[in-house]
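Hi,

Here is the model I promised to pass on.

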Amino acid sequence: MSIDGKIVLVTGAGQGIGRAIALRLARDGADIALVDVKDETTNAVADEVRKIGRKATTFKADVTKRDQVYAAVNHAEKELGGFDVIVNNAGIAQVQPLADVTPEEVEKILKVNVEGVLWGIQAAAKKFKERKQKGKIINASSIAGHDGFELLGVYSATKFAVRGLTQAAAKEFASDGITVNAYCPGIVGTDMWVEIDKRFAEITGAEVGSTYKKYVEGIALGRAQTPEDVAAFVSFLAGPDSDYMTGQAPLIDGGLVYR
């Protein structure tokens with residue numbers, strides 16, 4: 001499997017899973033356009049990519065803004081000399097009982113987790129068609145896109161929505177040689193899960209750390225997932241070995257949710 005010389009744009013690339021994806025793809029031979037709302041962390045990841053020996057460029061963008069996502073794709077093509085893959089990784093979590101969710105909270109998470117993916121799909125497909133080439137679109141879903149989790153109801157809904165967008169886009173763009181797939185991580189040891197655990201503690205009265213521990217204990221492989229575990233699978237989706245795969249959203253969770 002080789003992605004040597006491919007140009008890949010990763011959103012939410014400044015930390016966590018996005019950072020791991022950017023670094024793994026760089027090690028596998030890709031040049032990386034890193035997109036995030038935070039300059040400092042994104043620039044740091046870009047430096048790490050360059051140390052690997054690959055080209056990197058950064059672009060500050062809010063994925064909820066359609067024009068900014070299109071601008072990020074144009075920037076990647078201009079600065080790196082092409083455009084082959086987009087990883088719509090940016091996302092946020094929300095821990096809240098369904099009975100208490102406010103309109104403002106719903107709007108915020110839908111904009112990031114659903115609209116952000118949609119704009120990325122649109123922008124990438126448009127660019128691939130302009131360049132008259134095949135391409136790969138890879139979206140971030142979750143185990144919560146296969147099972148609805150308590151206190152994560154709206155978050156789960158957004159990740160189910162990503163699966164729906166992935167399937168529809170795969171059908172709409174197949175004739176253009178564009179594949180569209182998603183990845184569904186489980187309990188990943190990142191800052192996001194630190195915040196999820198803390199919020200569970202606030203709502204349920206559980207000790208801080210106990211919710212994370214409970215979920216990790218349910219993983220068949222016996223450990224929490226790392227960002228690098230996710231990145232390895234994304235590299236497969238970005239490479240030629242996944243060329244005959246489209247419209248899918250496989251679980252990569254160490255054995256927690258089964259389908």
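This is a predicted model: local features need pLDDT of at least 70, side-chain atom pairs count only at pLDDT 80 or more; totals for chains, interfaces and linings use all residues.

Let me start with β1 and β2, which run parallel and are joined by 5 bridges (two strands pair if DSSP finds at least two bridges between them). Residues are numbered from 1 along each chain as its sequence is written, and side-chain values use heavy atoms, with hydrogens and water left out.

V8 sits opposite I32 of β2, and β1, α1 and β2 together make a right-handed β-α-β unit. Right-handed means that, with the strands pointing away from the viewer, the path from the first strand over the helix to the second runs clockwise. On its β4 side, β1 pairs in the parallel sense over 3 bridges, with L9 opposite I86.

Is β1 buried or exposed? It is largely enclosed by the rest of the structure, because 5 of its 5 residues are buried (under 20% relative accessible area with a 1.4 Å probe, protein chains only; over 50% would be exposed, and in between partly exposed). I7, L9 and T11 point one way, V8 and V10 the other, and all are buried.

Zooming out, the sheet is open and has 7 strands with parallel pairing, in the order β3-β2-β1-β4-β5-β6-β7. Its edge strands, each pairing on one side only, are β3 (56–60) and β7 (251–252).

β5 (residues 135–140) is another strand to look at: 6 of its 6 residues are buried, so it too is largely enclosed by the rest of the structure. G135, I137 and N139 cover one side and K136, I138 and A140 the other. On the β4 side (residues 85–88), 4 bridges join the two parallel strands, and N88 stands opposite N139. The chain gets from β4 to β5 through α4 (residues 103–130), in a right-handed β-α-β crossover.

On the other flank, β5 pairs in parallel with β6 (residues 178–185) over 6 bridges. The β6 partner of A140 is Y183, and that of I138 is N181. The step from β5 to β6 goes through α5 (residues 153–173), and this β-α-β crossover is right-handed as well.

Now the cores. A nonpolar core is a set of buried Ala, Val, Leu, Ile, Met, Phe, Trp, Tyr and Cys residues joined through side-chain atoms within 4.5 Å. The largest one has 31 residues, and I21, L25, I32, V87 and Y183 have the most contacts inside it. Elements giving two or more residues to this core include β1, β2, β4 and β5, but α1 gives the most, with 7 residues. A second, separate core of 30 residues includes I7, V73, A76 and V162.

Last, a helix pair. The axes of α3 (residues 66–80) and α4 come within 9 Å and cross at roughly 40 degrees; axes are lines fitted to C-alpha atoms, for helices over the stretch in contact, with angles running from 0 to 180 degrees between N-to-C directions.

Cheers
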